[in-house]
Each structure stands twice: as structure tokens, then as C-alpha cells.
Amino acid sequence: KYGKRDFEEAEVYQYCPRCDANLTLQKGYDPSLPNWTCLGCGETLVNPDADSCVVWYCDGCGDCLGSQPGFDEKCGTWTCVKCGFVNRIDDGELFASAEEYERYANAPFAGMTDDDLLELSLYEVCKVISDQKNVFLVRRRDDKACFVEKFLTTYDRGVLDFLLDHPVPHIPNIVSIHEGRNCLVEIEEFVEGETVESLLEKGPLPLREAVRITMGVCEALKGLHGLPRPIVHRDVKPSNVILRPDGEVVLLDVNVAKWHEPDKANDTRYLGTQNYAAPEQVGYGLASSSPKSDIYALGMFLNVIYTGFFPKEKKAEGEVWPIIERCINLNAELNELLEGTKLGKIGDYLRENAKYLAGDEMAFSYYFKDLLAQKRIKLKDVYSFAGVSESYGSKILSMDKHAKNRDLILRFCLAGRFSWEETNRALKLYGMSELYAKDPRDACIIVSINNRIHDLGTIDGMLEDNGLKKLSPDAE
């Protein structure tokens, strides 16, 4: 619809004046065409011998109509042979310059219906959100309610339409969708609060808070993954997680979300954020993105918000690392464990064990007392078995006093009828070394525990028979 650079003289029908490509070798080129788009650089060239210096472009796909066989600008309407769009060929719609046409062609609202434009006019822009030039805080003119307006060029319309009709908990509600020729404009719920990324500017989060936030993200992902046809978020990261003033965790930005397609070998487009994106999101997996892709990002997310680093830089310590490791492990067998509802199990594990992952001294106390309650064992019986007074024992369990004697904690565990695994976890939470099978004395204690021998006399006899120090208090 506008005139560009004319063909040059002499070699006019052979070379592009912009990139010197040989036009005669380009498929479909004919020197009698009124204009031609160089396949080398994309420059539109106008034939000086043509009756008109006007270039017509398809309003549907942007293809140069003058290059299409049979095109005549006097035809009135022309059906684009590339996309099938019916174009009106009207001299009254010509643009005076390339710049004027580019502004029209790239206008965000181009191609939208009058109803879409009318509805979008109900919102006034307040400010740009963060450093994203395509995301705005807007206010509805009639009731002054605030929303987020997004101009998207990468999206899955099917996913957005579904979420518009079927909101998922802990994900902002989509209010309306308006699609034009150049982009899709989405109006969604404005979530007031602070992103986890901004919280991290003050330093890594305490483990208890990091676990709580991760559990909230699990709830949002469970809503997406638990659908009859799962939706994969594909962009779990600190900047996409926000905390409302009441502490609720909300997962933002479903712009690059996609339906799970288990039969596809890879994604149509590789999308995601570096370090958080699973291998299959960047073309290195054996299948397309799946719920496991979000689990991978979740593991990275938890490690970062707790330590301030990605696992390759610094691994999280303590009870939380095995969970992170299972999330990000690339071993196919381990990944298989994370299929489907396994995400819910990770959330359940974090929820059930949150106070034991507290990262402070009280974790041991919570764990020990909860196990005793489950086994219906009284604290006074534990103190008596361990050979300490109730006042001293209560100080140990309340962490008012920290014992340096590992045997004392072992006697506490024996009194509580703890298993080998429970004993090791208690020792670890208390800050002491776990029972080690290659240590002769520890091996005897392990054998006793595994055989449910909790009598100190019997255990001491076994230790003495092997020339090892007894476990009872009189040996101290």
C-alpha cells in the first residue's frame, strides 16, 4: 500500500539494490511484476515500468500482493493466495510513507472488532508495571477498580480461553481477552502484594518461609496439573510468585503456559527462563514440556529462595535438599517418580514436615515430641529411661540446654522406640552425627534397633561382648 525503493537501471531485473541478491534466481520472480519482495533481505522493490508505484500488502498476513500471480490493483478485492484473506483494494486506503504504514501495521489494536475496542476503552492506563513494557496497571473508568493489562505476542489462546472460563485457585483470574492482528490484549485480576524476587533483594528467606511459599506454588501448580488435560505453566520463578498482604501465595504469568501433549517429542517453541527451564523446554529433552517441567523449576525455585543460589552454585542443606534433588534430577527413573499426582505428594511432604524443616533448634523438639505423641509414650518415662531428671530432660527437649553427649540423645530415641530412620533424623536435627553402619559401636546399636531391642541392659551386654563402650548412663 505504499511505494518503496524503485528497481535500479541496467541490472534492475537482476540484483537487489539493498543486498545485491540476484533477483532472477529467486523463485517466482518475474521482471514484469509491478513489485517484488526480495527473498534475501525482505526489501520491497517497485518496477519503474509498472503503471503504478503503489505496493499492496495483505491485511491478513502481510504478504506482498503484487508478487502474487494474477494480481491487478484494479480488481476491487483480492483473495490472498498465501492466507486466504479477502483484501479490499481501495485507493482511499493508501499510506503516504513506509513509516505511516509501519505504525498502522504494528498498532496493538489493529484488527480488533468494534466491541473489543469499546470494552478496552473502559480502562485507563495508570503506569507500566515493573520493567515490562507490555504490562500495565489500568483502572476501570466507572468504578476505579484496578486490573492488569497485558499485550501478548506469545501465547496459547486455547489455554487462556479455558482459564477465562475455569479459574484456577492461586492464579490471577482472567477478566477478558481481545485478539487483534498483531497481538492479544488480556485484562486480568490485579494482585496486590510483593513478589518473591523483591523479597530476595534483602537476602535469602528463612527455611520455614521458603517452604511455606513453595507449598503455595505447589497448590497453584496442582490446580493446573490436576485438570483432565493438564496445563504446564513453564515459567515458575521468583518474579512470577507474589505474596498478598495476608500471606497467600499467587503464581503469576500464564502467558507461555501450554497444554500437556504427551505424544509430542518436543515443544513447538522453546520457552522458559534460563536456569529455571527444564531441559525439554530448551530442546534437550526426550519429550515435550510436561508437569515434570514445572517440578524441575519448583526445585530450582526453592533452592534459590532459601540459599540465594542455584544448586550448581550452592546446594541447600538439611532435610530440604533431598526434595530439591528429586525435583531437578535428570535421571529418568527418578523423574518417573514425579509424574502426575507426585507433585501433590511433594506439597503434602512439605506441608506435613514444615516445622521439622524449620532450620532452627526447635526442629528437633517438634519432631521428637510429635513422634512420642504418635507412639503414646510419656515424657517422664523417656527421662527415667535415659537416666536424667525431668527438669534436665525438659531443658534438653525445649532446647534451653544443648547436650554434647550423643549417647544421651540415643537413649532418648531408644526410650521413644524410634526406628533406625527416625533415630538418624532426630540426631541430624539435633546437630549430631547419624548412626553409621561401618562404625562397630553404631553397628551394634543399629542391630538392636532393627530387632526392636530397646532394653539398655541387653544392648550394653552386646556392646561389652564386643569390647565396646556401654550405652547406659553409668558408663559415662
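Accessible areas here come from the Shrake-Rupley method with a 1.4 Å probe, and the exercises below apply to a predicted model.

**Exercise 1. Determine how helix α11 is oriented against helix α13, and which residues meet between them.**

Solution. Helix α11 spans residues 379-386 and helix α13 spans residues 406-415; they pack at an angle of about 130°, and their axes are 9 Å apart. That angle makes α11 oblique to α13, since angles over 145 degrees would count as roughly antiparallel and those from 65 to 115 as roughly perpendicular. The handedness of the crossing of α11 and α13 is right-handed. On the α11 side the contact involves V382, Y383, F385 and A386, which meet L408, R411, F412, L414 and A415 of α13. Sorted by class, this contact of α11 with α13 comprises 8 nonpolar residues, no polar residues and 1 charged residue.

**Exercise 2. Repeat the analysis for α11 and helix α12: at what angle do the axes cross, and which residues are in contact?**

Solution. The axes of α11 and helix α12, the latter covering residues 390-397, come within 9 Å and cross at roughly 105°. Because 65 to 115 degrees is the range for roughly perpendicular, α11 and α12 are assigned to that class. The residues that meet are L379, K380 and Y383 in α11 with E390, G393, S394 and L397 in α12. These divide into 3 nonpolar, 2 polar and 2 charged. Y383 is listed in the contact of α11 with α12 and also in that of α11 with α13.

**Exercise 3. Characterise the surroundings of E179: is E179 buried, partly exposed or exposed, and which residues does E179 touch?**

Solution. Locate E179 first, in strand β9, which covers residues 174-179. Its relative accessibility is 32%, so E179 counts as partly exposed, the limits being under 20% for buried and over 50% for exposed. Leaving out residues up to four places away in sequence, E179 touches M112, D116, Y155, R157 and L184.

Conventions: Residues are numbered from 1 along each chain as its sequence is written. This is a predicted model: local features need pLDDT of at least 70, side-chain atom pairs count only at pLDDT 80 or more; totals for chains, interfaces and linings use all residues. Side-chain values use heavy atoms; hydrogens and water are left out. Axes are lines fitted to C-alpha atoms, for helices over the stretch in contact, and angles run from 0 to 180 degrees between N-to-C directions. Helices (H or I, at least four residues) and strands (E, at least two) are DSSP runs, numbered from the N terminus. Angles under 35 degrees count as roughly parallel, over 145 as roughly antiparallel, 65 to 115 as roughly perpendicular and the rest as oblique. A crossing is left-handed if the near helix is turned anticlockwise from the far one by less than a right angle, and right-handed if clockwise. Contact means heavy atoms within 4.5 Å. Ala, Val, Leu, Ile, Met, Phe, Trp, Tyr, Cys and Pro count as nonpolar, Asp, Glu, Lys and Arg as charged, and the others, Gly among them, as polar. Buried means under 20% relative accessible area, exposed over 50%, partly exposed in between (1.4 Å probe, protein chains only).
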